[in-house]
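Please read them with the structure open.

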Amino acid sequence: MNTTLKRYAPLESRPRSGTGRLKAILLRWLPSGRTLAIVPPFAWLMLFFALPFVLVLKISFADQQLSVPPYTALLSFEQGVVHIALQFGHYLFLLQDDLYVATYLSSLKMAGVSTFFCLLIGYPMAYYIARASASTRNLLMMAVMLPFWTSFLIRVYAWIGILKDDGLLNHFLIGIGLIHTPLRLYHTDWGVYIGMVYSYLPFMIMPLYANLVKMDLALLEAAYDLGAKPWTVFTRITLPLSKNGIIAGSLLVFIPAVGEYVIPELLGGADTLMIGRVMWDEFFNDMDWPMASAVTVAMVVLLLIPMALFQYYQVKELEGVK
């Protein structure tokens, strides 16, 4: 009886050979394909984002000194005792100094206005591309991505020749009789807005296009059959269904625009307040690395909080749908 049970026992309960047992142990401890796919991007983020941010955070709690490196150490050993010296004065100064508060507010304003105009211009473009034929759609998307084939710095430099008082734009407008005196655009906030909208417009169009091209057109046809007007169809169906594309495109534009340095430096004036310029001045002109690091950490926190709230409410919305 025992022999029969042993002969017909399931494979899982049969005694394994030495090689089979070793193979089972290896399969249990080897990472799965999903883990192998996730590890490289996480390692990349840890190495090139998390680690540099931790270093910047560490420097922000140090104090300035004329040495190499130009900041004090947080830990020191004296007579066998570990001393920890954390400097919180930089963060307090950020809250108390009117210049830094005005700079943060100005950066948020310029990034918000640039994002609004990118959405205002990019949405109709993305809608038109998504509704075009397949062959035309590919050509139009290639035209949208074409500026990425040239250097970002060269493209911003090109706008200097366009926006100057004796530049191409003023020559054209005076030539057609639309204006009689040159428009003051170069070294102004308007020049910064133009440069930022031009530079970040593709980042708004691409997520909007990806969202609009997947939309079910049968919903629009049903609305028209029920007598809805075009504007009603757009506001009640198209716009709500493209909400995720609008949010994604707005974040892709707003986040880098807040810390932009090149465009305000080349197209803006001396009174153009942007946090990227302040960080550059603190790092390289004043050599105050702790203060510059505190400015950087504050900017990152300022951007991460709304992103975390958006992620939280998006997860809650998906859970409600399920």
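Predicted model: local features only at pLDDT ≥ 70, side-chain atom pairs only at ≥ 80, totals over all residues.

1. The volume of the second largest pocket is about 210 Å³. Its lining consists of Y91, L94, L95, V101, Y104, L105, L108, A298 and L302.

2. Which elements give two or more residues to that lining? They are α4 (89-96), α5 (98-131) and α15. Helix α5 supplies the largest share, 4 residues. By class, the lining of the second largest pocket has 9 nonpolar residues, with no polar and no charged ones.

3. Now the largest pocket. About 340 Å³ of space lies in it. Its lining numbers 15 residues. Nearest the centre of the largest pocket are I255, G259, M299, V300 and L303. Two or more lining residues each come from α12 (243-258), α14 (275-285) and α15 (289-321).

4. How does the lining of the largest pocket divide by class? It has 13 nonpolar and 2 polar residues, and no charged residues.

5. Next, the strands. Strand β1 (residues 75-78) pairs with strand β2 (residues 81-84). The sense is antiparallel, over 4 bridges. F77 stands opposite V82 in β2. The hairpin of β1 and β2 has 2 residues between the strands. In this hairpin Q79 takes a positive phi near 55 degrees.

6. Please check the backbone at two further places. Most residues other than glycine have a negative phi, and most peptide bonds are trans. H187 is not a glycine, yet its phi is positive, about 60 degrees. H187 sits in the loop between α8 (168-175) and α9 (189-212). The peptide bond joining V68 and P69 is cis, with omega about -5 degrees. P69 belongs to the loop between α3 (33-60) and β1.

7. Last, a helix pair. Two packed helices are described by the angle between their axes and the distance between the axes. For helix α10 (residues 217-225) and helix α11 (residues 230-241), the axes come within 10 Å and cross at roughly 150 degrees. Angles over 145 degrees count as roughly antiparallel, so α10 is roughly antiparallel to α11. The crossing of α10 and α11 is right-handed.

Note on methods: Residues numbered from 1 in each chain as written. Heavy atoms only, no water. 1 Å grid on protein atoms, 1.4 Å probe; cavity = no way out; pocket = protein on both sides within 12 Å on 5 of 7 lines; lining within 4 Å. Points joined across faces, edges and corners; volume = space filled by probe spheres on them. Nonpolar A, V, L, I, M, F, W, Y, C, P; charged D, E, K, R; others polar. Pairing = 2+ DSSP bridges. Axes fitted to C-alpha atoms, helices over the stretch in contact; angles between N-to-C directions. Parallel < 35°, antiparallel > 145°, perpendicular 65-115°, else oblique. Left-handed = near helix turned anticlockwise from the far one by under 90°.
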